[in-house]
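Here is a briefing on one chain and its ligand.

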Amino acid sequence: MTECLFCKMASGEIKPDVVFENEYLLAFRDINPRAPVHILIIPKQHVATLNDLEDATLAGKLLQIVPAIAKQQGIAPDGYRTVINCNSNGGQEVYHLHIHLLGGRKLSWPPG
Ligand code: AMP
Ligand code: ZN
């Protein structure tokens, strides 16, 4: 039995607020949103960090779904930001790879 929170979401053991799902990917609303739209996109298979992403096909699927979800959420025309936090300096808290998709307001740059 996995202890990984996002694996539990991928398997359906924990049910997040899902906005998209297919065979390989799950996208759901962040529980602590930092913008009016804050979605997390994960591979269903466990990949701990971006450093561990070796499957180029899966990487392509992850990246390709971003604009589709942005369009679904209505944030594509005004724009949005994608973030992947990696390890401690990157501020990663959940060690299952995820893309943050943030939009619905003007986002400042650079990040803190
Ligand atoms: P990171 O710091 O990049 O690892 O981001 C982890 C994200 O997961 C944070 O934005 C959290 O708010 C989010 N998160 C943690 N637990 C949950 C949960 N149960 N459902 C949805 N999002 C969560
Ligand atoms: Zn996992």
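The shell around ligand 1 divides into 7 nonpolar, 6 polar and 3 charged residues. Here Ala, Val, Leu, Ile, Met, Phe, Trp, Tyr, Cys and Pro count as nonpolar, Asp, Glu, Lys and Arg as charged, and the others, Gly among them, as polar. This is a predicted model: local features need pLDDT of at least 70, side-chain atom pairs count only at pLDDT 80 or more, and totals for chains, interfaces and linings use all residues. Residues are numbered from 1 along each chain as its sequence is written, chains are lettered from A and ligands numbered from 1 in the order in which they are written, and side-chain values use heavy atoms, with hydrogens and water left out.

**Ligand shell**

- Of the 16 residues around ligand 1, Asp30, Asn85, Glu93, His98 and His100 come nearest (a residue is near if one of its heavy atoms lies within 4 Å).
- Helix H1 (5-11) and strand S2 (25-29) are the elements that give two or more residues to this shell. Helices (H or I, at least four residues) and strands (E, at least two) are DSSP runs, numbered from the N terminus.
- H1 supplies the largest share, 3 residues.

**Polar contacts and cover**

- The side chain of Asp30 has an N or O atom 2.5 Å from an oxygen atom of ligand 1 (a polar contact is a pair of N or O atoms within 3.5 Å).
- Ile31 uses a backbone N or O atom, 3.1 Å from a nitrogen atom of ligand 1.
- Gly91 also places a backbone N or O atom 2.9 Å from an oxygen atom of ligand 1.
- On its own, ligand 1 has 510 Å² of accessible area, and the protein covers 83% of it (Shrake-Rupley method, 1.4 Å probe).

**Fold**

- The chain has 3 helices and 5 strands.
- Along the sequence, the pattern reads α-β-β-β-α-β-α-β.
- The radius of gyration is 14 Å, close to the 13 Å from the globule rule for 112 residues, so the chain is as compact as a globular protein of that length. The radius is taken over C-alpha atoms, and the rule is 2.2 Å times the number of residues to the power 0.38.
- Along the principal axes, the C-alpha atoms fill a box of roughly 40 × 30 × 30 Å.

**Backbone geometry**

- Most residues other than glycine have a negative phi, and most peptide bonds are trans.
- Asn87 is not a glycine, yet has a positive phi of about 60°. Asn87 lies in helix H3 (residues 87-90).
- The Trp109 to Pro110 peptide bond is cis, with omega near 5°. Pro110 is in the segment after strand S5 (99-103).

Terms used: Polar contact = N/O pair within 3.5 Å; in protein donor to acceptor, adjacent residues only side chain to side chain.
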